[in-house]
Amino acid sequence: GTPEALEEQLVRCRACPRLVAWRQEAGRVRREAFREWTYWSRPVPGFGPPEAPLLISGLAPAAHGANRTGRMFTGDRSGEFLYAALYELGLASQPTALSRDDGLRLRGVRITSPVHCAPPGNRPTPAERDTCLPWLARELGLLPGVRAVVALGGFGWQAVLTALGGAGWQVPRPRPAFGHGARLTLRRAEGRERSGGAQAAGGAGGATRAGGAREAAGARDEAGAG
Ligand code: DU
Ligand code: SF4
């Protein structure tokens, strides 16, 4: 598959009845400031080039943010902060994110979230988390260049570790806890196919490059998460 094909499937997903209802309800009620909008009200796909070495994982779309605009972190308070920071780092073509056709381009970074539909109170249930996780796992499988993952919050941290564990990365037990600036480097399990690396970094901590992520044929294949 390709990221585009995956996106086509994702936006048709209706697996979580409560979230299907909520994403539509937000678009029916709307906020005063967004009266003129036709809300996206569907699953929000990952955004940014698939070959990016850096992946950012949030939590879920905001009901009147990404659920309205159809693009990750676009049109909400968190996004204002995030895109301004990415712009400062040279990873975004502009500091603001207003709509799907505002011209914003990302360089070297992709943004996704472990739950793709807006949940009430920004809190998905454990069942919704588990139901949506395969979409993240499939997305990760189509992003072979990922070397580092920045998790914006504990939910994203846990989800990414679960997905990476399922993809053959050795995730320590017990699971290291999320923390701002927390960092973790992962290794590939022996005997599993090597297809690239990934790192995760928590919250404001930022990511570093995983040195040996794709080192030739040696026994070392590393990815950092933190
Ligand atoms: O409490 P938490 O879900 O672990 O989130 C930690 C931190 O990240 C909090 O300051 C909110 C922020 N955050 C966010 O801005 N956007 C997201 O999608 C998830 C978390
Ligand atoms: Fe489908 Fe995920 Fe949305 Fe649930 S949250 S309906 S699994 S896309």
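This is a predicted model: local features need pLDDT of at least 70, side-chain atom pairs count only at pLDDT 80 or more; totals for chains, interfaces and linings use all residues.
Student: Where is the place of P174?

Tutor: P174 is in the loop between strand 4 (169-170) and strand 5 (183-188). Residues are numbered from 1 along each chain as its sequence is written, and chains are lettered from A and ligands numbered from 1 in the order in which they are written.

Student: What kind of peptide bond joins R173 and P174?

Tutor: A cis one, with omega at about -5°.

Student: How many helices and strands are there in the chain?

Tutor: Six helices and seven strands. Going along the sequence, they come as α-α-β-α-α-β-α-β-α-β-β-β-β.

Student: Why is E36 called exposed?

Tutor: Count the C-beta atoms, placed from the backbone, within 10 Å of the residue's own: 20 or more others is buried, 12 or fewer is exposed, and in between is partly exposed. E36 has 6 others within 10 Å, so it is exposed. E36 sits in the loop between helix 2 and strand 1. From E36 to P174 you cover 138 residues in sequence and 48 Å in space, C-alpha to C-alpha.

Student: What makes D130 exposed?

Tutor: D130 has 12 other C-beta atoms within 10 Å, and 12 or fewer is the rule, so exposed it is. D130 belongs to helix 5. P114 is 16 residues from D130 in sequence and 9.2 Å away in space, C-alpha to C-alpha.

Student: And S41, why is that one buried?

Tutor: S41 has 20 other C-beta atoms within 10 Å, and 20 or more is what the rule asks for, so S41 is buried. S41 also lies in the loop between helix 2 and strand 1. Its phi is near 55°, a positive value in a residue other than glycine.

Student: What share of the residues in the chain is buried?

Tutor: 46% of the 226 residues.

Student: How do you know that strand 1 and strand 2 pair?

Tutor: Pairing takes at least two bridges found by DSSP. Strand 1 (residues 54-57) and strand 2 have four bridges, in the parallel sense, so they pair by that rule. L54 has V109 as its bridge partner in strand 2, and S57 stands opposite T112.

Student: How many bridges join strand 1 to strand 3?

Tutor: Four, and strand 3 (residues 148-151) runs parallel to strand 1. Across that pairing, I56 stands opposite V150.

Student: Which way do the residues of strand 1 point?

Tutor: L54 and I56 go one way, L55 and S57 the other, and all are buried. In a regular strand the side chains alternate between the two faces of the sheet. Strand 2 (residues 109-112) is covered on both faces as well, with V109 and I111 buried on one side and R110 and T112 on the other.

Student: Which residues are closest to ligand 2?

Tutor: C13, C16, P43, C117 and C132, out of 15 that surround ligand 2. A residue gets into such a shell if its C-beta atom, placed from the backbone, lies within 6 Å of the molecule. Helix 5 (126-141) and helix 2 (17-29) each supply at least two residues of that shell, with the largest share, four, coming from helix 5.

Student: How is the shell around ligand 2 split by class?

Tutor: Eleven nonpolar, two polar and two charged. Nonpolar means Ala, Val, Leu, Ile, Met, Phe, Trp, Tyr, Cys and Pro; charged means Asp, Glu, Lys and Arg; the others, including Gly, are polar.
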